[in-house]
Amino acid sequence: MMNGPGKSDRPIVPGKSPNKARKTGGGGDGGKGASQEELARARHEPDTVPEDIVKSGLERVRQAARRNREERFTALMHHVCDIGRLEEAYRGTNRKAAPGVDGQTWAEYGEDLERNLQDLQGRLHRGAYRAQPVGRGYIPKSDGSQRMIGKPTLEDKIVQRSVVEVLNAVYEVEFVGFSYGFRRGRSQHQALDALSVGITRRRVNWVLDADIRGFFDTLDHGWLVRFIEHRIGDRRIVRLIKKWLRAGVLEDGKRIFSDKGTIQGGSVSPLLANVYLHYVFDLWLQQWRRHARGDVIAVRYADDLVVGFEHREEAERFLAELRERFAKFSLTLHPDKTRLIEFGRHADKRSAGRGGGKPETFDFLGFTHICGRSRKGGFQVRRQTMRKRMQRKLHEVRTELWRRMHDPVPEQGAWLHSVVRGHCQYYGVPLNSHKLRAFRWAVLRHWYRALRRRGQKHRLNWARMGRLAARWLPRPRICHPWPSVRLDARLKAGAV
């Protein structure tokens, strides 16, 4: 076997030394290609830089990163500090989001926006910007546990969004094709399309459904900074990232520090997660499958991994080496949620030949994937709404209906319309119509019960409820094309 899978604790990264920057076509200077007059005006009047100059600067960074995959960018901070980009980042933040530990809201910051952004720009230039601790909150997960999320301060959000936009110009040409999570122009449904088409068109007989235990809480800061420094040579950018990693969490008035993890909720966390797994998993997998005897497919959305194999022995070897690989970078696979199952065009016949039942299924991005057959007998991957996801959503609907019990019926109907419509827009994939109908019927039932509890002398019957449903609850419809149709269109357009 080659030196890649599990044989070394060094990350698979470009072979360039991080202490030397290579100058290629102006890329290492961060994309400085404007005229001297434009640059002088930008230095003296940073708040009046034309928008086309700002965007063309990042485009030159993008082109330099595309020309040379080993390019290290040593001058990017001026892109981050651009007053127009900071204002765009401010307007892109959620106006209704809860404030951070400083208590400052979006509206309060915008009352004197120009002065606040100029002050922020000055502190960034001088290196006087200080990252604030992140407020801690929790949201429930589908398995009953809680996921920790962070509430950064507004200024931290602004700077993070600006940094992410600049770094995306470098990393978007670096990331591999099977990585879909939190990337511009890529979505969950594109990841689902790629997985379905890959299993259908390639010789996939085994599927590894991998779950990284507490990924965002366990990624190692030391390795993360090393990965960043392989492409980013601007020390000011690296220091900003270190400040956010070391800012800590504020909970019950106590500041907690850690040398591991990145808090979900900040704009920079998804990018850092993608960079970490790009070096730990993506590049390693690309090298691993070059030496595989059979077909190997993969789809990654953030920390959700699905890998398909033609041969069982290669799948088992990959799983063992993946555990070793992750252990060297402070990651572990969840023992109960990581499964290697028989799945593919021959799974049903082989299972029946052994006297077993139907082939096992696996979950990915809210859908249960099932081995099925078309009307003509051909193999197809059927996707249905995950049972846990639907139950959790219906529980939320029921709870909210009780809270809105005495609201006017039109207001309840308008809210339920948005719920059913949003559900169908995500889960409306081919072969999932019956699950969509089941969701609408369950919502209608919860609404009926809530309306009957509004008073003891109700006159509500199912005939009237049917009229309310026809008025307010949209009928389920398939919103997405077949995976092969959409993926082939993207391939033809050169979008993949």
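**Entry 1: a helix on the sheet.** I began with helix α8 (residues 188-201), which lies across β3, β6 and β7 and runs at about 165° to β6. I took axes as lines fitted to C-alpha atoms, for helices over the stretch in contact, with angles from 0 to 180 degrees between N-to-C directions. Contact here is heavy atoms within 4.5 Å. Helices (H or I, at least four residues) and strands (E, at least two) are DSSP runs, numbered from the N terminus.

**A note on the model.** This is a predicted model: local features need pLDDT of at least 70, side-chain atom pairs count only at pLDDT 80 or more, and totals for chains, interfaces and linings use all residues. Residues are numbered from 1 along each chain as its sequence is written, and side-chain values use heavy atoms, leaving out hydrogens and water.

Entry 2: I read the strand order as β6-β7-β3-β8, an open sheet of 4 strands with antiparallel pairing. Pairing takes at least two DSSP bridges between two strands. Ala210 has Leu305 in β7 as its bridge partner.

**Entry 3: helix α13.** I listed its buried residues (under 20% relative accessible area, 1.4 Å probe, protein chains only), among them Phe318, Leu319, Leu322 and Phe326. Their cover includes β3, α12, β7 and β8.

Key
Buried means under 20% relative accessible area, exposed over 50%, partly exposed in between (1.4 Å probe, protein chains only).
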